[in-house]
Amino acid sequence: MSVIAPTEGVPYAVEHFHAATAPPPPLEDIHSEPRLVRAVVIALAILFMGLFILLPLANVFVQAFSKGWAAYGAALVDPDALAAVRLTLLIAAISVATNTVMGLVMAWAITKFEFTGKSLLITLVDLPFSVSPVIAGLVFVLLFGAQGWFGPWLIDHGWKIIFAWPGIALATIFVTFPFVARELIPLMQEQGTQEEEAAVTLGASGWRTFLKVTLPNVKWALLYGVLLCNARAMGEFGAVSVVSGHVRGETNTMPLHIEILYNEYQFQASFAVASLLALLAVVTLLAKTLLEARLGRKGGH
Amino acid sequence: MSFSFRRLAFAALVAAVAAPLPVRAADVNLLNVSYDPTRELYVAVNKAFGEKYKAETGKTIEFKQSHGGSGKQARSVIDGLEADVVTLALAYDIDAIADKGLLSPEWQKRLPDNSSPYTSTIVFLVRKGNPKGIKDWNDLIKPGVKVITPNPKTSGGARWNYLAAWAYALKQPGGSPATAKAFVADIYKNVPVLDTGARGSTVTFTERGVGDVLLAWENEAFLSKKEFGDDKFDIVVPSISILAEPPVAVVDKVVDRKGTRAVAESYLKFLYTKEGQEIAAQNFYRPRDPEVAKKYDNVFPKLDLVTVDDPAFGGWRNAQKTHFADGGVFDQIYSN
């Protein structure tokens, strides 16, 4: 995935956005391979997509409707399923809001200021991508669990973090943090500080500069990061599984609920909820495509 | 710009605030943290007890269930999962919770029959017609037989499986701890995948079609036949197995904090009533009550059952230390 590309080197996001704006050279001119090679490569790509991506995804929907519409609907309005959907949406909203703000702050700090420890900060932004989600969950258990650092204090004061929605939100924020920051940093690095400096010279306040100059410059990259962040926040399984406690109707997100149903021999219901989650992913994908098309027309900034 | 960021931020905020948090409408909330195969059992128990409690007190109970490998579940309770009651696969897992001070170390004496309202045992589930001809434990070490069992580190059922195999090997002519260790090691050589819980293993065997024999809780084996039909699987009863006593306990620290002790205690006592025992039997757990047991006599096959209190194991604390603790016999077997 492009977001994992290192910060130093090519600012991929920018390159990616610009690629759409430049008029593409006619394909025939730059590729001199024989037609056969081209056909094979294209066929291979389509075959792979069909076999490994579309077929399994289609199967989710086939299984979901294997007992008809009524059973499909029943699986989705089950109170535990509804609770899982609600919790998933809540967690996604919290994670996306937090990571949008913090991603902006992080990218702003890294690209517009010079300070010691900056390169360390850039490295740390990627940490959640390189750490296994299980560990991401476990660190919060070790911090806030009953046997953890803050556990006894939290219990005494009646706060529930682990095995409740705040813990799930924390773990999800941890796992999805890089998405927004990683989209913004290369772009803002490339844009430099000249426009902001000009704005400040013309007498704009810091906040006004941010709202009128910086934000409009990065808005599409920001939205793109938000979409990716949202997709992962809804789908995260590993980290959430560790901190959830699996209390049905209370601390089960959609991915956890899907696993539970599957393990309870309710295969059709499990796939019904899975199809809903897949549908959310498809919506995200559509939004992303629309965004890119729009980006192509307007030019990155 | 046609797309207002302020509007987007506002929408996100509204969504975050308005997303309804779990609502607690019932008078009492009871969280039962249980092991893997009891899902169907406690759905039935909760319904029956909820109705009884409502009739007697006029109050409604909202039951919450959490299921997973028994050891993993105990760990969650230790880490702060607020279980009013724990209904786990084996006594050691509740001991582990008691060791952290969450309930009395004497918990197992608080209810009859070692606090185990029902028992079970370990049987084999094989594919229909038993194509590999698996009759007893010694068939599991044959080359080419794929055995499905979960990880004893996280699963209670897996520990019972392991001890049952060990007990069998000990009873063989010339049996000793050394031969038992070699025998159990040979079984694990035939295990292609270790799931974390019994239900995971069952799904691996039944739904994903992996393996020739599943070492299963008796109730789980019956349930698989019920779910998938009699024409898919056969149950094979080995010559010897283990008497599994899945215990139940009220978690003192939690119920005292939440003020749910009375309802939690009557919930567990309900398991011992005729009604509770009937529900257990209908879900293929062996009832303790002699009358109910007699009624379901033809369901549960008779076989030679060893208990964990047998001198060969010396109770769960000993068995855990010898076999499943870090560096124990299982680790020695599995790392080789």
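## A pocket and its lining

In this predicted model, the lining of the second largest pocket is made up of 15 polar, ten nonpolar and nine charged residues. The pocket itself holds about 780 Å³ of space. Its lining counts 34 residues, and those closest to the centre are Ser241(A), Val242(A) and His246(A), along with Lys72(B) and Thr196(B).

## The nonpolar cores

Next, let us look at the cores. In soluble globular proteins, nonpolar side chains tend to be buried together. Here, the largest nonpolar core has 113 residues. Val86(B), Trp137(B), Trp160(B), Tyr162(B) and Trp316(B) have the most contacts inside this core. Helix α6 (residues 156-171) of chain B provides the largest share, with nine residues.

A second core is separate and has 28 residues, among them Met106(A), Phe177(A), Trp220(A) and Leu222(A).

Beyond its neighbours within four places in sequence, Trp160(B) contacts residues including Ala89(B), Leu90(B), Ile122(B), Trp217(B), Val308(B) and Trp316(B).

## A closer look at Ala169(A)

Ala169(A) sits in helix α10 (residues 165-176) of chain A. Ala169(A) counts as buried because its relative accessible area is 4%, and buried means under 20%.

Which residues does Ala169(A) touch, not counting those up to four places away in sequence? They are Ile91(A), Ile94(A) and Ser95(A). Ile91(A) lies 78 residues from Ala169(A) along the chain, yet their C-alpha atoms are separated by 5.3 Å.

Methods: Residues are numbered from 1 along each chain as its sequence is written. Chains are lettered from A and ligands numbered from 1 in the order in which they are written. This is a predicted model: local features need pLDDT of at least 70, side-chain atom pairs count only at pLDDT 80 or more; totals for chains, interfaces and linings use all residues. Side-chain values use heavy atoms; hydrogens and water are left out. On a 1 Å grid over the protein atoms alone, a cavity is a set of points where a 1.4 Å probe fits but cannot get out, and a pocket is an open set with protein on both sides within 12 Å along at least five of seven lines; lining residues have an atom within 4 Å of a point. Grid points are joined across faces, edges and corners, and a volume is the space filled by probe spheres set on the points. Ala, Val, Leu, Ile, Met, Phe, Trp, Tyr, Cys and Pro count as nonpolar, Asp, Glu, Lys and Arg as charged, and the others, Gly among them, as polar. A nonpolar core is a set of buried Ala, Val, Leu, Ile, Met, Phe, Trp, Tyr and Cys residues joined through side-chain atoms within 4.5 Å. Buried means under 20% relative accessible area, exposed over 50%, partly exposed in between (1.4 Å probe, protein chains only). Helices (H or I, at least four residues) and strands (E, at least two) are DSSP runs, numbered from the N terminus. Contact means heavy atoms within 4.5 Å.
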